[in-house]
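Where does a ligand sit in a protein, and what surrounds it? Look at the structure below, then read on.

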Amino acid sequence: MTPQKIYGLVGFPVKHSLSPAMHNAAFAALKINAEYKLFELKPQELEGFFKAAAKNNIFGLNVTVPYKEQVIPFLSKLSEAAKLTGAVNTVKVSDAGLEGFNTDGEGFIKHLKEGLRFDPAGKAIALIGAGGAAKAVSVYLCRENPQYLSIFDVDKEKSVNLSRHLKENFQNLDIKAVDSIQGLNIGASDLLINATPIGMKEQDPCLVDEKLIHSGLLVYDLIYNPKETRLLKTAELKGAKTANGLGMLLYQGAAAFEVWTNQKAPVEIMRKALVSALG
Ligand code: NAP
């Protein structure tokens, strides 16, 4: 009998991750002899862990905060999406070496277009946050030719850097970093995205003045726990369409699964496992 293949998530902390439930359900459904584990690593453990991955029967890894960029020097090859976002959330371990991918943006856009039936082409988009997740999401949004993309982050340098990076890669698009939530022009937007951690804690405020939210808006919060942030609750009350980040988590996981196994991911089984793990 061939030994069980190991997959897993590398990050710090990782113990609350829903990924084991999602991937182990997929392995079971397709009768793949594999287990998805959690690897909570300190920065100094990272290099040794990746160097020994193949030897330890590891075939694939997800990477999360704070290592999505730090892992890059240990990889032999990067996908186009990983190069463009400068971050890796999926690693394939094979005889060819360690190959890095980024499926976060792909997961987001797939959920947006297929799950929510929202086509970003020609749409006005407001993005709050310019960190790792915002970068992955915005690269994929720009590939869809939106009318414009405005970005606000409390750290102005980050939003300016992200907007510069996007403009270098998508020269014909109208992309700008703005100084405030008001500057996002949410009243005229079709899609509002929260890519900050604000909303994860019970006491977090609503990120956006409710007067700015309108019924023509799709409000997409990348947070999935809690299922409904204050922003989403407010948006719903104002008649806007809403979505949390569970769909993005699901589709990025499905894309990673396909990278590792070359098999079609059992998306509905993975969705059910995620929903039940969330409680
Ligand atoms: P990150 O790298 O820390 O980026 C968050 C950014 O938001 C930072 O630049 C932060 O600035 C900024 N920020 C904080 N408060 C803000 C505010 N009130 N207004 C504007 N900007 C603000 O985090 P990340 O990895 O991108 O993750 C962001 C969120 O997405 C998290 O909630 C994460 O759980 C979620 N996420 C979801 C998925 C999914 O699959 N659904 C995937 C990835 C991430 P400072 O650094 O100065 O605070």
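## Contacts with the ligand

A polar backbone atom of G245 lies 2.9 Å from a nitrogen atom of the ligand. This is a predicted model. At T196, a polar backbone atom is 3.5 Å from a ligand oxygen. At L249, the distance from a polar backbone atom to a ligand oxygen is 3.4 Å.

How much of the ligand does the protein bury? On its own, the ligand exposes 910 Å², and the protein buries 74% of that.

## The shell around the ligand

There are 23 residues around the ligand. A133, D153, K158, L222 and G245 come nearest.

By class, the shell has 15 nonpolar, five polar and three charged residues. Helices α5 and α8 each supply at least two residues of the shell.

## The pocket

Which space does the ligand take? The ligand takes the largest pocket. The volume of this pocket is about 1,500 Å³. Its lining has 43 residues, and T64, V65, K68, M200 and Y224 are the closest to its centre.

The lining divides into 22 nonpolar, 15 polar and six charged residues. At least two lining residues come from each of β3 (58-63), α5 (132-142) and α8 (246-261).

Conventions. Residues numbered from 1 in each chain as written. Predicted model: local features only at pLDDT ≥ 70, side-chain atom pairs only at ≥ 80, totals over all residues. Heavy atoms only, no water. 1 Å grid on protein atoms, 1.4 Å probe; cavity = no way out; pocket = protein on both sides within 12 Å on 5 of 7 lines; lining within 4 Å. Points joined across faces, edges and corners; volume = space filled by probe spheres on them. Helix = DSSP H or I, 4+ residues; strand = E, 2+ residues; numbered from the N terminus. Nonpolar A, V, L, I, M, F, W, Y, C, P; charged D, E, K, R; others polar. Near = heavy atom within 4 Å. Polar contact = N/O pair within 3.5 Å; in protein donor to acceptor, adjacent residues only side chain to side chain. Areas by Shrake-Rupley, 256 points an atom, 1.4 Å probe, with all protein chains shown as cover. Sits in = over half its atoms within 2 Å of the grid points.
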